[in-house]
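This report describes the sheet, cores, pockets and cavity of one protein model. The sequence and structure come next.

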Amino acid sequence: MPLPDTATVANRPTLSAFALNALVATYLMALCNATFWGHLFRIFDGRTVTALVFAGAVWALMLLVISLLAVRKLQRPVLVALLITAAVTSYYVDVLGVVVDRDMIQNAMTTTFAESKHLITLHFLGHVALYGVLPALLVLWVRIRRAAVGRALVGYGLVTALSAALLVGLLFTNLKAYSTVLRADKELMGSVQPLAPMGGALRYARMMFKSTQIVVQPTGRDAGTGPYLAKADKPVLMVIVAGETGRAQNWSLGGYGRDTNPELAKRDIVYYPNATSCGTATATSLPCMFSPLTRDQYSYEGGLGNENLLDVLMHAGFKVEWWENNTGDKNVGDRLPVRPRVMTAADGAEFCFPECIDGVFLKSLQEKADTITENTVIVLHQIGSHGPSYWLRYPADREIFSPACKTPELTDCSSEEIVNAYDNTIAYTDWFLAQVIDVLDASDRVIPAMYYVSDHGESLGEGGLYLHGTPYFMAPEYQTRVPMVIWMSERFRDSLAVDAECLKAAAAQPVSHDNMFSTVLGMVDVTTTAKDDALDLAGSCRQVTTG
């Protein structure tokens, strides 16, 4: 076996530990932060020197963080990890406009492979290889000149102190302007890669640690049946459809120019055109909408720490089931006697190719509607309009709007193709909800109703943003305005004395996920002190009778 070429080894460049850290910090700032630079020069429009001084302060912060972490034997692994992280996150930030914060990291940690695989595209892999793997290989290739331990400690202290001093000194050159920007334009520092996702990861870890100490507090333990529910001659079946990624702007029931809701328009429903979500991603919105807490009150710890709508319904004697065609119940069903039922091809092979679309619920729902003997609530958690692979959310023969984007590389498609694919998902949800209504209405064994609301909306390229998950304070309305539908059978309206015309008369008023907890309880006539009458849309429309 030939010996290694000693000349080649000797010719490898040699850098001091500080020089390597400084080069990596400079590389990250220059080539992995396109969105940051865009925000910077937009915010400091016409003040180039002020902008560059601020960028210098961020570079000093980058160097300070690297210097604190990349020490001695940890230096190469830390630098490689930072380079790969920045390459991954910069793709989603720079290409799709995603903000990688604590909530986005929570979404990533709670997602499934079936969902996440659509985000791993050839463009993504090429970007990570070019901006992450290649520079990481260079870090592994160069030789590092190590000082003796004593000198290294002194150098470590000096570099850390000088980096911190440079950071503070540059900010103090115009502290008033910079502090104002840091308070008012949080998206600026939220776009710095990889510092922003590192901070988000730390906040996520802290949140998860705190959640291990939570003791669930009771909610609605006094729940009971109201007079109308008590007199019902058949079991009530309430179906709650937890929608996915439906934005209100693309629902023709709310005035959209395309007919995306032809089926629901034929049913006797109540549509709420001015509904807003609790969050911009499933991990926040789903538990929030079932929580007794409002959006202003809600937190991850608060959601876990209080019993929710499903618990209160069980306290009132309802049988409750969760059927899943998405990425899980996000702990909403933790106390159900039976864990969420995940729909598979066995429930409807014609709707799975191989991922199942929402028609997979229908056969089982019909069987349930024809056999239940007790008051029941079933939650159907849709895959809905989840992107970026919109074309996989509906069958090919239901492609109404074309040409449709048929790649998860949304930037490879025109705006028209993306909107066409997304509108097809809305039209399919319209068909699916109409089928749910028809299945329930056809069963003479139950007193049925349906409550549908999407968890959040979606950006389709407006303002350079795609998908969802933008922090709420800066999210466009496309991600926060959601469709909401209530349907009640004639049997339900008569038995539980809810006036549908009264609901319709007030439907144009602003509503939100805050209303769901109290409205569902009000619709099915569950009495409890946990219900907020001001948020119960059905309460004021109950036809009170005497005798």
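## Terms and model

A residue is called buried when its relative accessible area is under 20% and exposed when it is over 50%, with partly exposed in between. By this cut-off, Met104, Ile105, Gln106 and Asn107 of helix H6 are buried. The model is predicted.

## Helix H6 and the largest pocket

The buried residues of H6 pack against H12, H14 and helix H15 (300-304). H6 also provides the largest share of the lining of the largest pocket, 6 residues.

Two or more lining residues come from each of helix H5 (75-96), helix H6 (102-110), helix H7 (113-116), helix H12 (195-211) and helix H14 (282-290). Sorted by class, the lining of the largest pocket holds 16 nonpolar, 12 polar and 2 charged residues.

## Second largest pocket

The second largest pocket holds about 510 Å³ of space. It is lined by 18 residues, and those closest to its centre are Ala17, Phe18, Ala152, Gly155 and Tyr156. The elements that contribute two or more residues to this lining are helix H2 (17-31) and helix H9 (149-172).

H9 gives the most to the lining of the second largest pocket, with 7 residues. The class counts for this lining are 10 nonpolar, 4 polar and 4 charged.

## Cavity

How many cavities of 30 Å³ or more does a search of the whole structure find? The search finds 1. The space in the largest cavity is about 60 Å³.

The residues that line the largest cavity are Tyr91, Tyr92, Val95, Leu96, His118, Leu119, Thr121, Pro388, Pro408, Glu409, Leu410 and Thr411. They divide into 8 nonpolar, 3 polar and 1 charged.

## Sheet

An open sheet of 8 strands runs in the order E7-E6-E8-E4-E9-E12-E5-E13, and its pairing is mixed. Strand E7 (341-342) and strand E13 (511-512) are the edge strands, each pairing on one side only. Strands of a sheet pair through backbone hydrogen bonds, either parallel or antiparallel.

Both senses occur around E9. Strand E4 (residues 236-243) and strand E9 (residues 447-454) run parallel and are joined by 8 bridges; glycine 243 stands opposite serine 454 in E9. E9 pairs with E12 in the antiparallel sense over 5 bridges, and valine 453 stands opposite methionine 484 in E12. Strand E5 (residues 269-276) is joined to E12 by 6 bridges, also antiparallel, with valine 482 in E12 as the bridge partner of alanine 275. Strand E12 (residues 481-488) is mostly covered, with 7 of its 8 residues buried.

## Nonpolar cores

The largest nonpolar core contains 63 residues, and Leu365, Leu380, Phe432, Val436 and Met450 have the most contacts inside it. Helix H18 (residues 415-442) gives the most to this core, 13 residues. Apart from this core lies another, of 51 residues, including Ala316, Trp322, Ala507 and Met523.

Which residues does leucine 365 touch, not counting residues up to four places away in sequence? They are Val239, Trp323, Ile378, Leu380, Val436, Val439 and Leu440. Of these contacts, Leu380 and Val436 are listed with Leu365 among the residues that have the most contacts inside the largest core.

## Loop between E4 and E5

Leucine 253 is found in the loop between E4 and E5.

Leaving aside neighbours within four places in sequence, leucine 253 is in contact with Asn261, Leu264, Ala265, Ile269 and Tyr271. Leucine 253 and alanine 265 are 12 residues apart in sequence, and their C-alpha atoms are 7.1 Å apart in space.

Conventions: Residues numbered from 1 in each chain as written. Predicted model: local features only at pLDDT ≥ 70, side-chain atom pairs only at ≥ 80, totals over all residues. Heavy atoms only, no water. Core = buried A, V, L, I, M, F, W, Y, C linked by side-chain atoms within 4.5 Å. Buried < 20%, exposed > 50% of the residue type's maximum accessible area, 1.4 Å probe, protein only. Helix = DSSP H or I, 4+ residues; strand = E, 2+ residues; numbered from the N terminus. Contact = heavy atoms within 4.5 Å. Nonpolar A, V, L, I, M, F, W, Y, C, P; charged D, E, K, R; others polar. 1 Å grid on protein atoms, 1.4 Å probe; cavity = no way out; pocket = protein on both sides within 12 Å on 5 of 7 lines; lining within 4 Å. Points joined across faces, edges and corners; volume = space filled by probe spheres on them. Pairing = 2+ DSSP bridges.
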